[in-house]
Amino acid sequence: MKETLIERLTRYTTIDTQSDASSTTVPSTKKQFDLLNVLKEELETIGLEDITLDEKGYLFATLRGQNKNAKTVGFLAHVDTATDFTGTNVKPQVVNYEGGDILLNKELDVSITEAQFPALKNYVGHTLMTTDGTTLLGADNKAGIAEIISAVEFLKNNPVDTLGDVRIAFTPDEEIGRGPHHFDVEEFGADFAYTVDGGPVGELQYESFNAAGVKVIIHGTNVHPGTAKNVMVNSGRIAAEFILQFDEKDTPEHTEGYEGFFHLVEIEGTTEKTVLEYIIRDHDKEKFEARKIQMQDAVKALQEKHTNAKIDLLMEDQYYNMKDKIEPHIEIVEYAKEAMESLDITPVIEPIRGGTDGSQLSYMGLPTPNIFTGGENFHGKYEFASIDDMEKSVKTIVEIIKLVGKDS
């Protein structure tokens, strides 16, 4: 299985599928179809049924089971890669890791170092796939795709008569928060599902942030600086005041676990106009609402101080903590936990410090926890995947399917 996973992940990662938040099309980039069409052919070759790929980039398929009384379980992964770092011309490298730093690119002097990434010590003796130091890898989420396909292929070739139907979906635009926007839950037809979109081995997540996106637009007045006294209104200086209203410790770089944050994502501006883009995150719904009020109050205070400026606030909820929708169906978390334990994998049940498609899908009527892929350092040149842990993910998927079939 190891060689198959290496081959699949190599093939998938070399196809550029980056999404684009500035696009208004669905999917946001046509090149996501370059991988979707490859996957469709692969599913056909394996012999899956009910294979559909629609014009919006949603690929569905069924592994038909013999147990008609069993619940239908789904598995999902997204084809797009993050916009944080280039995903063009990916050149994956396979490393038999024996410890120490990993040199990615000698010419550019880029390495994954033990000092910067102490988790490397967990991978001694593993076969790793890395970047060449010039792109991201795209194991997020192409490792998940490879694992799902490998799992259903195994069960297709090794049928078990207690299994029910298994639905799989490969979707677009997860990295820009739009993955579930056109997902047809009714057509998918699963009773519940799992995103295979986590990180290190053992991750099992059914809690996510509550999330909002914020845009603060500060309108100033620009005149010649030589005659600016009592006339110029410098939106950039007002923006700096706005930023300083928030505690620097209440940011992603200073928080962990269940701690929420305000994150300044982007600044763009001139004297005349400055735009600040934030995201607000918190697992606790009351604290989340309080953070939104804090943002509103900060804008109000600055507007009252700078009456000669105009400050606009645009704020929109993005997704909510999927825990509220999954806890009433906690047995689906137990399936994953039991599957891991049967394989001597210690489940690591922690909240996601982010969101997955499962966050939105759970509120759309499809409870969807998240399980590990075996990757680390996503969204950048230091990203890598453990092929050994990918193999464990495949086995976990197979065991979940078996457990669901038996529990009918």
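**Figure 1. Glutamate 241 and lysine 305 meet through their side chains in a salt bridge, 2.7 Å from N to O.** A salt bridge here is a side-chain nitrogen of Lys or Arg within 4 Å of a carboxyl oxygen of Asp or Glu. The partners come from distant parts of the chain, 64 residues apart: glutamate 241 sits in helix α5 (residues 235–244) and lysine 305 in helix α6 (residues 285–305). Helices (H or I, at least four residues) and strands (E, at least two) are DSSP runs, numbered from the N terminus. Glutamate 241 is partly exposed at 26% relative accessible area, while lysine 305 is exposed at 56%. The cut-offs: buried is under 20% relative accessible area, exposed is over 50%, and partly exposed is in between (1.4 Å probe, protein chains only). A note for every panel: this is a predicted model, where local features need pLDDT of at least 70 and side-chain atom pairs count only at pLDDT 80 or more, while totals for chains, interfaces and linings use all residues. Residues are numbered from 1 along each chain as its sequence is written, and side-chain values use heavy atoms, with hydrogens and water left out.

**Figure 2. Lysine 2 pairs up with aspartate 388 in a salt bridge, with the closest N and O atoms 3.0 Å apart.** Lysine 2 belongs to helix α1 (residues 2–13) and aspartate 388 to helix α10 (residues 387–406), so this pair ties together parts that are 386 residues apart in sequence. Lysine 2 is partly exposed, at 27% relative accessibility; aspartate 388 is buried, at 18%.

Figure 3. Aspartate 50 and arginine 64 form a salt bridge whose closest N and O atoms are 2.5 Å apart. Aspartate 50 is in strand β1 (residues 49–53), and arginine 64 is in the loop between β2 (59–63) and β3 (73–78), so to speak a link across 14 residues. Both ends are partly exposed: aspartate 50 has a relative accessible area of 41%, and arginine 64 comes in at 36%. Elsewhere, salt bridges with shared partners join Glu7, Arg8, Arg11, Glu42 and Glu153 into one network. Phe75, Phe170 and Tyr194 touch the most other members of the largest nonpolar core, which has 62 residues. A nonpolar core is a set of buried Ala, Val, Leu, Ile, Met, Phe, Trp, Tyr and Cys residues joined through side-chain atoms within 4.5 Å. Setting aside neighbours within four places in sequence, phenylalanine 170 is in contact (heavy atoms within 4.5 Å) with Leu36, Leu39, Leu43, Gly57, Tyr58, Leu59, Ala77, Val79, Ile145, Ile148 and Ile149. Another core of 20 residues lies apart from this one, and includes Val216, Val233, Tyr278 and Met295. In soluble globular proteins, nonpolar side chains tend to be buried together.

**Figure 4. The largest cavity holds about 40 Å³ of space.** The structure has 1 cavity of 30 Å³ or more. On a 1 Å grid over the protein atoms alone, a cavity is a set of points where a 1.4 Å probe fits but cannot get out, while a pocket is an open set with protein on both sides within 12 Å along at least five of seven lines; lining residues have an atom within 4 Å of a point. Grid points are joined across faces, edges and corners, and a volume is the space filled by probe spheres set on the points. Around this cavity sit Leu76, Ala77, His78, Asn141, Thr171, Glu174, Thr195, Asp197 and Asp357. Strand β3 gives the most to the lining, with 3 residues. By class, the lining has 2 nonpolar, 4 polar and 3 charged residues. In this sorting, Ala, Val, Leu, Ile, Met, Phe, Trp, Tyr, Cys and Pro count as nonpolar, Asp, Glu, Lys and Arg as charged, and the others, Gly among them, as polar.

**Figure 5. The second largest pocket has a volume of about 170 Å³.** Its lining includes Ile243, Phe246, Asp247, Pro252, His254, Phe262 and Tyr278. Strand β12 (residues 261–269) gives the most here, with 3 residues. Sorted by class, the lining has 6 nonpolar, 3 polar and 3 charged residues.

**Figure 6. Two cis peptide bonds in close-up.** One joins valine 26 and proline 27, with omega about -5 degrees; proline 27 is in the loop between α1 and α2 (32–46). The other runs from aspartate 140 to asparagine 141, with omega near 20 degrees, and asparagine 141 lies in helix α3 (residues 139–157).

**Figure 7. Aspartate 173, a residue other than glycine, has a positive phi near 60 degrees.** Aspartate 173 is in the loop between β8 (166–171) and α4 (185–188), and at 3% relative accessibility counts as buried. Asparagine 377, not a glycine either, has a positive phi of about 60 degrees. The loop between β17 (375–376) and β18 (384–386) holds asparagine 377, which is partly exposed at 22% relative accessible area.
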